[in-house]
Amino acid sequence: MATLKTGSLETGAARTASSPPAAPTTSPPGSPTEGDKDQVMKYRHVVVRRTGGPEVMQIVEDELPAPVSGQVLVKILAADVGFSDVNIRRGRYPGGPRPPFTPGYAIVGVVERLGPGAPGLAAGQAVAALTFYGGYSQYIVLPAQELYPMPAGVDPGEAVTLVFNYIAAYQMLHRVAHVAAGQRILVHGAGGGLGTAFLELGHLAGLQMYGTASKPKHGLVQRLGATPIDYRAEDFVERIATLTGGAGVDAVFDPMGSAHLKRSVRAVHKGGTVVAYGYYEAAQRGSNPVLDVLSEYIRLPLWSLPPQRKHVAFYDTRPTKKKHPDWYRDDLARLFALLAAGELRPVIAARLPLEEVVEAHQRVERADARGRLILIPNP
Ligand SMILES: NC(=O)c1ccc[n+]([C@@H]2O[C@H](COP(=O)([O-])OP(=O)(O)OC[C@H]3O[C@@H](n4cnc5c(N)ncnc54)[C@H](OP(=O)(O)O)[C@@H]3O)[C@@H](O)[C@H]2O)c1
C-alpha cells in the first residue's frame, strides 16, 4: 500500500479549504521510509460539518480507512464539481446526507486495495463510481458492485464528466425523449456542465439544437453546434417560435424548475417532450426545493391531456440507476467507448486541487464556469 503525502496537517486537524495547500513531505507515495511500520496511513478529504455557504467546507486529514468484506479502497484521480454538490452542501437536496459528510457526486480513480471477497477487480484497475457524496477526497472506500470499469489511457478529468453529466444527458436524450436524427431540441443552461454534455451528445445524434445561455457563453454554445438564445435579453418561447417557423421544437431539457418549466412546455410542439430534471431557479432564489419538485409532479399529468398531448417527464439519475442498473452500466460503457475513440471532448472549465474547493463552489454558484469544474485530489 502506498504511503500518502501527509503535508503539514496534524492528524484529524482541520483548516479552511481555501487556505494555501500544505507543503509536501519528502516521502512520496510508495516510498517506504524508516519507521513506516509505526506510521498511520493518512488521507485528506473535504468535510462539511454544518450545511451552509462554500466556506463551511474544510480539508481534514484522517486515518485511511481499510476496506472490509466486499469493499474496495479507491485512489481518486478526478472528482466532478457541479450544482448538485452545491445543493447538497447547502442542505437543500431532497434525500441528501446530513453533516458531517464529504461532498462529491462522481469520481474516477484506480483500485488501491481490495477487501476480502471483492470479486472481478484487480489492484491498479481504472474505475468510476456515482458516489452521490464522498468524492472530494484522496481516497474512498466503496462496495465493489458500485464500481464500473473505465478504459485505461483516458484522461481522468474528461472521464469523470461522463459518470454523472454525460450519463444524465444521454439518458434524457435517448431513454426518455427518444430523439431521432434531424429533430429539434432546446437545451437550457447550455453553457454549463450538463448543458455542454447535452450539446456534444446532441451533435453526435444529428440533432438541430438551440441553447439558452448568458451572452458570454454564446461562443461556446455555437462551437458545440447549437444556436444560442440569450435568456436574459429575449423570451425563449418567442425566439423558438421564430427560429422554427412557429412549429416549436421536438424536445426541451429543463433544469430550471416550475415557472420556467411551464414556459418550456410552450416551446415544444403538440406531442413533443419536455424533460424536467432540476430546480435550479428555486435553489438560487433560496426557495424550498421540495415544494418546487412537488409542484412539477402535480402538473405533469395535466400537460399530457388533449388537445396538447405534450409528454412531460421528470428525470433523476440516481433513482433511474436504481430502477435500471443495466441502463447505467451499458450507457456508461458506451460513453467511455466514445471518449476512448476521441468522439467526445468534454468541456472542462478548470482542474483544481482539493484546496481550491471553496473557489470551485463559488464559481458554480456564480455560474462562472464554462463547462465543468474538476477536482484533482492527488495531483
Ligand atoms: N436530475 C439529474 O439527474 C441532474 C443531474 C445533474 C444536474 N442536475 C441539475 O441540473 C442543473 C444544472 O447543473 P450543472 O451542474 O450543469 O450546473 P452548472 O454547470 O452551474 O450550469 C448551469 C447553467 O445554467 C445557466 N443558467 C442560469 N440561469 C439560467 C436561466 N434562467 N436560463 C438558462 N440558463 C441559465 C448558467 O449560466 P449562464 O446564466 O451564464 O448562462 C449555467 O451555465 C442543476 O439544477 C442540477 O442540480 C440534475
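**Ligand shell**

I looked up the ligand and found 29 residues around it, of which G82, G189, G192, S214 and G278 come nearest; a residue counts as near if its C-beta atom, placed from the backbone, lies within 6 Å. The elements giving two or more residues to this shell are α1 (83-90), α2 (156-176), α3 (193-204) and β10 (208-213). Helices (H or I, at least four residues) and strands (E, at least two) are DSSP runs, numbered from the N terminus.

The model is predicted: local features need pLDDT of at least 70 and side-chain atom pairs 80 or more, while totals for chains, interfaces and linings use all residues. Residues are numbered from 1 along each chain as its sequence is written.

I sorted the shell by class and got 14 nonpolar, 13 polar and two charged residues. Nonpolar covers Ala, Val, Leu, Ile, Met, Phe, Trp, Tyr, Cys and Pro, charged covers Asp, Glu, Lys and Arg, and the others, Gly among them, are polar.

**α2 and α3**

I checked the axes of α2 and α3, which come within 9 Å and cross at roughly 55°. Axes are lines fitted to C-alpha atoms, for helices over the stretch in contact, with angles from 0 to 180 degrees between N-to-C directions. That makes α2 oblique to α3; under 35 degrees is roughly parallel, over 145 roughly antiparallel, 65 to 115 roughly perpendicular and the rest oblique.

I noted T161, Y166 and L173 of α2 and L194, F198 and L201 of α3 among the contact residues; contact requires C-beta atoms, placed from the backbone, within 7 Å.

**α1 and α11**

I found α1 and α11 (residues 357-365) packed at about 105°, axes 9 Å apart, and therefore roughly perpendicular.

Technical notes
Contact = placed C-beta atoms within 7 Å.
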